Each structure stands twice: as structure tokens, then as C-alpha cells.
Amino acid sequence: MTQQSARILVVGGGISGISASLDLARAGCQVLLVEQSDHLGGLLSQLDRQFPDSGCGMCRLLPLFNRDQTSDHCLRRGLFHENIEICLCTDLVSVEGEPGSFTVALKQQAARVDPALCIGCGRCEAACPVDVPDPFNAGLTSRKAIYRPCPQSFSYAYTIDPYACKDCRACQDACPTGAITFAVKEREAFHVLVVDDEKIVRDSMKEWLAEEGYQVWTAASAKKALELMADTTFHMMLTDIKMPGMDGVELLGRAKKLQPDLDVVMMTAYAAVDSAVEAMKQGALDYVIKPFEPDTVLAMVSTCFAAFSAARARVETVDAMILAQGNNLFAPDVKTNPYGYRHIPGVVTSLEFERMLSHAGPGQDTLVHPATGHPVQRIAWFQCVGSRDLQYGNAFCSSFCCMASVKQSMLAKTLYPQVTDACVFYMDLRTSGKAYDLYADQARQAGVAFIRSRVHSLAPDTTDPGAGIRVVWADGAAKTCEKIFDLVVLAVGQQPKDAVAVFAEKNGIAMDASGFIRPEPFYPAHTSRSGIFACGGLTGPKDIHESIVLASAAAMSAMETAVMTDCQMPEKSASTKPVTIAKEVPRIMVAICRCRDLVQETLDTEAVSHALRLDPEVAAVEMTDRLCREDGMDAMIAGIRKTGANRLVTASCAFCVKKQQLQKMADLADLPVQCVAGVDVITSIIAAAEKASSAATSSGAATSSAAEKAPAVLKTAFAIQPMVRQIRTGISRVKTMPLEPGKGGDMFSRALVVGGGIAGMTAALAIAGQGFSVDLVEKSPALGGNLVWLHLGSEDLTAFLEDRKAAVLAHDRIRVHTRTRVHSTTGRPGLWETRLAPVHSADEDGPSDKDDAVLSDSSKGASSIHQVRHGVVVLAVGGTQADPGIATCETGPGIYTQQGFQQALDNKTIDIDAPVRVAMIQCWGSRQNDRNYCSRVCCPRSLEQALFLKNRNQDSQVHVFYRDMMTPGLLETLYTQARQAGVLLFPYEKQNPPCLEPDDNGCKITWSDAILGRSMETAVDYVVLATGVTPNMTPDLAQTFGADLDQFGFFDQADSKWRPVEALQPRVLACGLALEPFNIASSLATARAAAARAVAILSQGKVQPGLDMAHVRNSYCSLCQLCISACPYGARHVDHQAGVLVIDPLACQGCGICAAVCPSGAAVVGGISPTHMLDVINTALSGHG
Amino acid sequence: MALSDISEKLAALPEISHRVDQIKHLVDACIQCGTCSASCPNLDFMDMTPRRMWRYLLAGRVEKVFASQTFTLCSSCYVCTLRCPRGLPLTEAMAGLKQVAFALKLEQFRRSRLFYAAFMENIRQYGRVREMEMMTRYFLAVKNPLVPLGYASMGARLLKKNKLHPRLPSRGSGKLAHLFEQAHRQEH
């Protein structure tokens, strides 16, 4: 049976697009990843360091299992995956159809440099006469029109910027490998014929159209036109009607017979409109009345061209699509430009500063003023540039800029001792996440000053530009302060892309007022159009962490669509290549690529070949050409067949050393990939040739060109020695091979979900929807978790919860166990046998009879311990409101917790139709001491409650005391609404919180107001304490499955940014509040993200061992278990029944620590044996004395 | 005492009290970032920063607002309005506060009120300011012989620079009278 795997289009190759693509690819979907620019990575390719570890960790996104299918190097250097087809420089032109069969048209810019042929020698770059600002360095440096898109890219291939290129073709002449072809530009391929008897009309039309890039022919008469049409195919004809001899209408008829697809536009004088109309009846497309403006005609031509161009687009059919085009950064020089960006030297955007900090940036590790070149000592950051700014129509917070500025200021202060002052001017420091506050504290400790004030504007100092920038601001209570800075960094916000808005409008996707795509309620990755999902900044500003989670959620939703439309997830085909070859005597063939005579000219290949043949195991040394091409590869394979070689070493350029290229060769040669090694000799040949030529030039040799000088030098025995050594290293790599392959791993293809809140239910439904059985365990009598009390009178939320509950209970692959907890587990990861025990709660007669009735089956079963087998576990145990530490009431005036107040509002125990006086105190016990994290949910909830009160009675008084108003992203509108509704908001400092004095009628509150510079007091009826969220995770539960808790008691993620929903052991997942505090939408996103990971694992069936996986030589193993405690991934376990050590192929990353600690040499990492490795090292170092 | 005075006065005049509410709503969305204060060119002469004044207004402490001279010093340069990230009509709100203060005939704004009145009357009459006459009328209205003395040195300096042009009062051309009437009708 042939199963068609789901095919998903991902638009946008930024971090969200990559993340979604990898999630889909991991689960076996075929992905088409389309990116408009010339490299993957989006904005992140320009950021060297990210919060929270001030490093880059993008590679942690890469799959942990089946790693042989994918690239395993730095993600900024490039990406490949068997299941992902990457199309760069490609636009999505149109979308038609329904989920399950979308027809999409893609338009790819013709590549002028063939990446396979380009060896990255850089001669083209040297030859190019064009200099343009380099967008990669935010315009701080310049580059040529031919350039390498990304300095850290693994591929050396150059690319041509079609907008900057002047078509001089100097690069084409300079290229030694013929990689550059100037394909006809698309507009040039569009042929236009202008027919008119007046020369002036012909000439001006030709000029207008040629300026637009079209190729234009002219004819003075109809007869001439027909002659031209005999030889050339035209796509459009503009013809006059009244001409001597044959008129335009007759020409139209004849031309249409010759070239039926021709679009014809009639040009006519006003008097002859009738005949133009007649012509249209005969098949003319349109007419224009003379005299006309150029724009009129150009618009017509461009419409025809668009149709012509669309017909040549690549058309694909996909099941679903994910949009991830991201956002633009705000351009601070639009409109009023109060900070004088581009006018005042030293005012830079945060992206420019990021590039200034980068190793590959303009300063190259020195932090200097972009205008004066002096070292920068005093730096200020201005937050909210283009965000939270209603003047610019940006009612949202951009989410990422606060943390980005914290990071940048800390980096500047710690990496550059010259920096004496680093000040961040902010309005609210939005450290709204789990580890964010800790990071900001680190910055404070590093000496960064945080000043709560907005700087109104900057004025240039006209007297002395080098004197620095005078910054004036309003300090708390006092009047104004001022300080001089060398550099001002504008923390620019996000802006929705116009192109996305146009696309959304065209395709009926709902947008919000700010221009972002509006996600469906409770489905954070769904757009209003079924089958099209959105992630990243498209649905509102996001930081990296949120984007990664949402991308996985979008991937899960896309998989669901594919399943709904009967698309099968593919079965993994086991690779069963016989490894008997390992036992054969090596017969090695070395294939040296001539690279279009480049190698031949520079290197004495005969001598190299002779030197290599000295090794008796080298069966043959073949010269081939263009190994990167099909024909070159075929020739080489023929060589292998001829010589009967069983090992292959290629000596070529960097392109052929790539993992996917080696795999391709191995497949063609029918060899295991371990038997194929690639050596990049071209790069060192070019380097040596350059060195030789510069030596020749500097020694004042004759005027002959450097390239001609070089060969003579490289052909000496001394010069070929390094090449031979390099190739020999490759030979030694394939000589010995691991004898034992790693073992695959079985697993139970069931999932266990612990926690029946909304996150747990969503994860269970998503996993079950992909065809896997799920056990859902909930300790309370009813499902629903926090959503039961959270609804704030929202009928939507109640309906959603009921709908999800009903779906879970009705699903035939989900077994629900209420009043149950995880007791213990046996087995090992993937083969867990977990015992579930009943919970006997005190309130056995709780108010959830309705659910009990539905669940009677499973509840009955829960009376005794029973066992479930599962391969993955999702911990969705949720969180609860933190204890306020003081007595609270449930009715009447007094002190409430946020949850208590919510319940009082919903139960109407407070009369809110009468005016009430309420004070809400944020961060009560939160963001300090042992709970030094922001709980995210409390600020928005307080504002919602305040608005609710104000809407019920305008005379109600609501005071909100806050430290930083945490309303990131589109939640900012809630803050604005609350302000507009007359809610009174007072910021306070952590060390100086408001004081409560409860009395019989409520409470008196005194606080000191920083702006008024005095103490204030007010009497209120109700005090609401926002205490934040504490996790329900217990160390026992986490450790049962080999996971751990972090310092706050939440689930310890493998990486809080890049692997946000899993533990180091990838079969242990978590979602919702168990991970960190989230609002409902984010919780749902994490649930889907966790489900996506679970599905990817479960769909493996039997996990195939990777090439670099560790394995155990059981005969040597004494079961000392040193390796078990040493393994950082929890991949090693003792199978007590069989008395052997087993390895989880899913968890093992081939790091080799086990091999290092094993005292008896029983632990081996695949592909590497000590003799093998030592041999490679010896060869590589031979000749180095 | 003066503070309770204003509350009582406002309570007695619902129309003006409503006007104060309207002004408050103009600045409701204020997030107290301080942009207005730092950008104000007259800040140094104010007894209270605009930020603090808006804060008192939003907190409902109207007596504090009217105990300060800050809003009378607003010269309507509109810089704060231009720079405010919330796009609030701050200059308009300042003008509103002046109107309320003058309408309440509060003693502490008497001189301000009379100065504005003299200024506007001068404009109405001549279509421009005749400094000498304006100040004379202002001094007559203030009815305090000490006030002109306070301006003596400035007057002397202006005279020296030939900036004052004594002219006899005339009936004026009166062309703006119609405009003033129209504006008055619109406001009331």
C-alpha cells in the first residue's frame, strides 16, 4: 500500500518557519519551506547572542533522533533535512483551494550563481565594481553586488543581488568554475511589440517600456509587424488602429492566427473608439485613447506581465500551510523622528547595535562610534520606540525589546570594560517570563542603570558633533536630569509587514486593528481560514521563546488538518543496509575533482595520485570532474563499479563535503554512508595559490598575472604534501568501521498525560487525533483545572471548556482516569509501565457530580492500583494561585486573593452594581525572594477585573498598584482600555510596597507615590492581592520519569528557549502552567507543542539507531553503571531481566561521555573506535614533526 | 480653608465640575512616562511638573491641581502634545484647566485671569497687542499699586530697546469683534 505523506507549505524561513518545519519533518511530513530572502534564519541570523545565556543556541532546535536525516551543525550555518525542501528567494504568489488540497503558486528568482559549482574563491567579489550598504550588517558596512548572504553560512556559495547588480558581468569572467550565468531577467523574457506608423509614438513607447525592463520591438506598419511575428514569439502587442495599408483591426485578426496567446491592446484616437470596441469583440484585450500618459500603458503591460509571470510560477499541491513571514522592525526615521535617527551621529537602532556587538559586524569585536570611530563609553537605550505609541498608531507592546535591551546593555557592560555608563530608559520593564527577572537582576548587578522615564526627544549638538548626545529626562519626583551619552540605542519595536496584510486580505484571512493576523479564539495558531495557520510575529509581536512554542503548535495544527483530510503520516522505513562490508578488506577509491581544470592547473595531480597509491589499500585514484553534478557523480560511480572499490574518498570543494551530498553518493554507490568520506581540498588549494601569488607579487616578480604564477609553486613536492595529508586523513576515516551497529529501540506507542486541565486535555486530544492511545490522569474528580474558575463571565470560555471536556470523554482513544494519581513507574523511557493509584480526597462529595456520572466507568476502575504502558509522558499538572500569606475573606469587605475575588464576582457575593472601592496590588509576594519570576497572568487579569467593575458601574473606584505593567504584545490594549476607563494605576517600587490596614469596613491603604513624591492614602472596600502562580509539580512526579524541577519548582526544560516543552530525556514532555506561568492562549500553544513532540516520537514506532549512537559491548560490560550516572541525557538503563545495559536511541546524542568514563572499554560511540580515531589523528598530524 | 473651598465650589457648580471631568478624560490614557515634563520649555518656572499635575488630576485630587500655577504657565507650544506616546491632547487639557480656574474666579489665579482678559480685550480691539495699553488696563484691573512696580525694570529695558510704542487709546478698528462673538457663542 502506498501511503502519501502529508505535504505542508511553510512560508517564511525565520526561526518560526524553521522550527515549524523541523517539527513537521520530524513527524514524517513533507515540508516545503519557502523563504523570500537569500538565507534562512530571518532576524536571528543577525543576532549572535540571545537571552538567557547570552549565547546562541539555535542548534538545539535540531532533531534529537533520526539525526542522520538532518544537518547536525550550527543552524545559522544552514539547514537540511530529508523531509524539508528549502526554496530561497521565493515568493508565495497565490493560494487556491481547501484544506487537504491547496494549490499554491511559488515564484523563485532565477539563481545566477549555481551553488553547486561555486567554490567560494571570492574572485567574483573582487571583480565586482558595485558597492552597496550591507543589509546583513544593518547598513553599517558595505558589500558588493555579488556576495555571500550570511557570513556564518556553511555554504561558501555567492549570490547576486539583482537590484544592485549593474549587469557588467565582470564576475562571470572572473569565475574559475563557470558557476555564474546571467539568465535572462524575467521582464526581458516578456516580449512586447509596438506597431504604429508615427515614429514618435514608437520611440517613446519603446523608451518607456524598455526602462521598465521589458524587451520591446517596434514596427512601422502592420506588414512589418507580421514579418517580425514570423520569427519571434511575442507576449503582447500594442497597435495603432489607423495605419496606411493594413489597419490595426485586420492586423489583430492575422496576428491572433499566428500567435493565438498574444495579448493585444489597441491604441486609438478619440474619434475611432467605435473601431476599438469592434476590435475588442474580435479578441483585443483592451484599448487606450491617444494621447495617453505612460502610466496608463505601463499599468496594462504590467497586468499582462503578471499573468505571464504567474503562468511560469511553480505550482504545488499541499495539505495545509503555515505562515511565518514575521514582522518588520520599526523604522525610527518615519514621521516626526523625535530622536533624530540618521540625523544625529551616534543614534542607532537596536539591530544596528546588535551588529556592532557581533564578531562579524562592522567593529569586529571593538565597540566604536559609527561616525567618529572612537571607543564608545556611555550608552543609553531608549525603550518603546515605535511601540506602545498611539501617535504612530502602534497600540501594542513589541514584547521582545525590553529583554533585548537588558541583554545588550549587560553585554556591553561585561564584554567591553571601556563602557562606563549603560542606562536603559524604560516605561515598564517587561520581564514577563520565568527566568526574565533573574536576567534583569544580573544586568543590574553588572552595573546597568535602569531609569523609569521616557526621553522626549534628542537635539543635535551643532557646535561639536563629537561631544556626545545630551539626554534630558524627567526624573521621578524631581524636575529634569541630564546626561551626555556617546551612543543612543533605539529599542525599535515590531511592525506588521504590509505584504502579509495584502496576502491576508486577498485570501480572506481576518486581521486585527493593528494589522496582525487575528488568531481564532482558543486556537492560537489558527487563522480564520481553515487549513492556513500562522505563527511567529504574524499574530502579534512575540519574543523568540513564544515564537518557538507557537511554531510547534502551528505544526501540530497542520498535522491535524492533514489527518482530517485523510493524509497518512508515513511509516518509517527501516534502513537495512548490510554492514558486512565492514568486515571486507578495504579497497578504497579516491576521486579527485578537477573542478573544471582549476585543480589540474594549480596542482600536480599525478604526483598526488602517486603519493596516495603508496597505500596498498587504495585501490584506485580517479580524476573526475564536477562531482557536484549528476554527470560527474555518475562517472565516479562507474569508476567504483569498475574498480570494485568498497570505500570512497572524494577530494573536492566544500559543497561535496556536505552530509546530504555524501549520503547521495553513498546511495548511488550502494555503500553505507560510513564508507564515504569527503575532503575539501579546493579551499586550501585556493588559499595556498593566493598566498603563493601574493608572495610572488610582493617579491616584485614579473608583471604576469598572479594566477599564472601560482601553479609553479603548488606543483613542487613541498606544496602537494599538505593536500596528500588531507586526503590521507579522509582515507583513514573510512578504513575502519564500527563492527556493531547501534540497536534500535522498541517503545509502547501510547501516551500518558498527567493533569486534566485545559492543557492536558488539549495535548491528549491532539495526540489521540493522530491515532495514538492516551491515558489521561487527573487527581481531582472533574476535568477542567483552572478554567473552571477562570471564565470571568465569559460564555465563550465556558463553552470552549465544555466542548473540550465532551471531546475528551467521547474520544475512543482517550482513557480518562479521574481521582487518580501517578503512583510509581517501572521499565525505562519508551517502555514505561506506570502504576496509577486512586486519590481519596477529603471532599469526596464535592460539587462535581455531573462529571462523575459521565466518568463512572473509569472512576470505578480507579478504586485500585492499575498499570498503564506508555512511550511518552506529558506532565500537565498545572499550577495554582500562590498563598498570599495573610488572612483573606470570601464574602464581605476585606482582603481577597485574585482567584477569590474572581469567584466572588462570578458568584455575585459582591454587589458590583453599586459603586465599590477596590484596590488591586500586583506582585504580592511575587517577583521577589524565592518566587523571583513574573507570573504573566496577574496583570492582565487585574485589568480585566478592573474593566469589568468599571463597566458595571462607572462610579466604582479601582486602584491598581503595580511594579511594571506586564501587558506584552497585544495585551497592551487592555492596559490602554483600563486607563481610558478611569482605572487609577500607581507604580510602586519592590522595596516599598503599599501598606494595608484592614478595618471593619474594608481596608486603608497607604503608599508612597514616586511621581507625587509624597505618601498617599485611600480607604477601599476590597483589596485584591495578585499573588502569582505556583506550580503543582512535585519533585517525586518529575523524578519518576527522570525529569527534574527548576529552582522555582516548575518543570525543568531541556532549554527554556529552544526546547521549551521537553526535558533532557525527550520522551518527558510538559505543558501549561507546569512549565511556567502562561495565559490560556499560551498554555494551549504549549499543549499543542508538547503534542507535536509526542507525536513525532510515537510515530517512529521502532526508533532507528543513528550512526553516531553509543552502543555497548556486552561481553566487556561489568554493569558498574558509571556510564548511567555520567550520561547527561538519561539514555542508558539496565535491563534487569536480560542483565544487560540498554541505550535509548531517542535520547542518546552520541556525545561520548560514556566511552570516556567506561573503565572496561565496553561503551563505544558509533562510528568511532579508539584505533580508528588515533589513526585519523596520526595521519592528520603526520609531517608536522 | 482653601482646599475644601474648591471642592465646595465645584459641587455648587455642576457645569464646571462636569468640565473638570471632561478634562480628566482627555488625559485618562496617560501612563505617566514623563515625556511632557521633560519636553516642557517652561518647566523651570512651574511649581509642579506637568506629570505630577496630571497625576493629581487623575487621582481626583483637584484641589492640588488648582493649588498650583503650573497650567497657567503653559504657553501652548504643543511640544508635549507632539511627543506624548499616548497621543494625548495635553495642550488642550492645559487650556481647559485655565478656563475652569478662571470661571471659578479663584483668588490665586486672579492676576492670571486679569492678564489673559486684558490681553484678549487688546486683541479684540486692535487685532494685535499694544503692549502699553494692555499693561495699563491690566494694572488698572489688578488694583494693586505694587504690581506695576514689579514690571518697572522690564518696562524700562523694553523702552530702552525701543520696544514700547506709547499711543493714545483709540476705539480701534474692531474687525475682530465678530470673530470673538462667534467664538463665544460656540463655547457656550
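Biologist: Which strands and which helix of chain A do the buried residues of H25(A) pack against?

Modeller: This is a predicted model, in which local features need pLDDT of at least 70 and side-chain atom pairs count only at pLDDT 80 or more, while totals for chains, interfaces and linings use all residues. Residues are numbered from 1 along each chain as its sequence is written, chains are lettered from A and ligands numbered from 1 in the order in which they are written, and side-chain values use heavy atoms, leaving out hydrogens and water.

The buried residues of H25(A) pack against strands E38 (879–881), E39 (894–897), E40 (917–921) and E46 (1022–1025), and against helix H26, in chain A. Helices (H or I, at least four residues) and strands (E, at least two) are DSSP runs numbered from the N terminus, and contact means heavy atoms within 4.5 Å. Helix H25 covers residues 898–906, and seven of its nine residues are buried (under 20% relative accessible area; over 50% is exposed and in between is partly exposed, with a 1.4 Å probe and protein chains only). The buried ones are A:Gln898, A:Gln899, A:Gly900, A:Phe901, A:Gln902, A:Ala904 and A:Leu905. After H25(A) comes A:Lys908, with a positive phi near 60°.

H26 also takes part in the packing of another helix, H27(A). The buried residues of H27(A) pack against H26 (938–952), strand E41 (957–962) and strand E42 (984–987) of chain A. H27 runs over residues 972–980, and its buried residues are A:Glu972, A:Leu974, A:Tyr975, A:Thr976, A:Ala978 and A:Arg979. Just after H27(A), A:Gly982 has a positive phi of about 90°.

Now the nonpolar cores (sets of buried Ala, Val, Leu, Ile, Met, Phe, Trp, Tyr and Cys residues joined through side-chain atoms within 4.5 Å). The largest one has 112 residues, and A:Leu24, A:Ile322, A:Ile767 and A:Leu875 have the most contacts inside it. Setting aside neighbours within four places in sequence, the contacts of A:Leu875 include A:Val754, A:Met1033, A:Phe1041, A:Phe1051 and A:Ala1074. Another core, of 72 residues, lies apart from it, with A:Cys118, A:Ile592, A:Met633 and A:Ile686 among its members. In soluble globular proteins, nonpolar side chains tend to be buried together.

Chain B has eleven helices and zero strands. Of its 188 residues, 44% count as buried, and its C-alpha trace spans about 50 × 35 × 35 Å along the principal axes. Of the contacts in chain B with a separation of 6 or more, 62% are between residues 24 or more positions apart.

One helix of chain B is H7, which holds B:Phe102. B:Phe102 is buried, with a relative accessible area of 16%. Not counting residues up to four places away in sequence, B:Phe102 touches B:Phe109, B:Ser112, B:Arg113 and B:Tyr116. The C-alpha atoms of B:Phe102 and B:Ser112 are 8.3 Å apart, although the two are ten residues apart along the chain.
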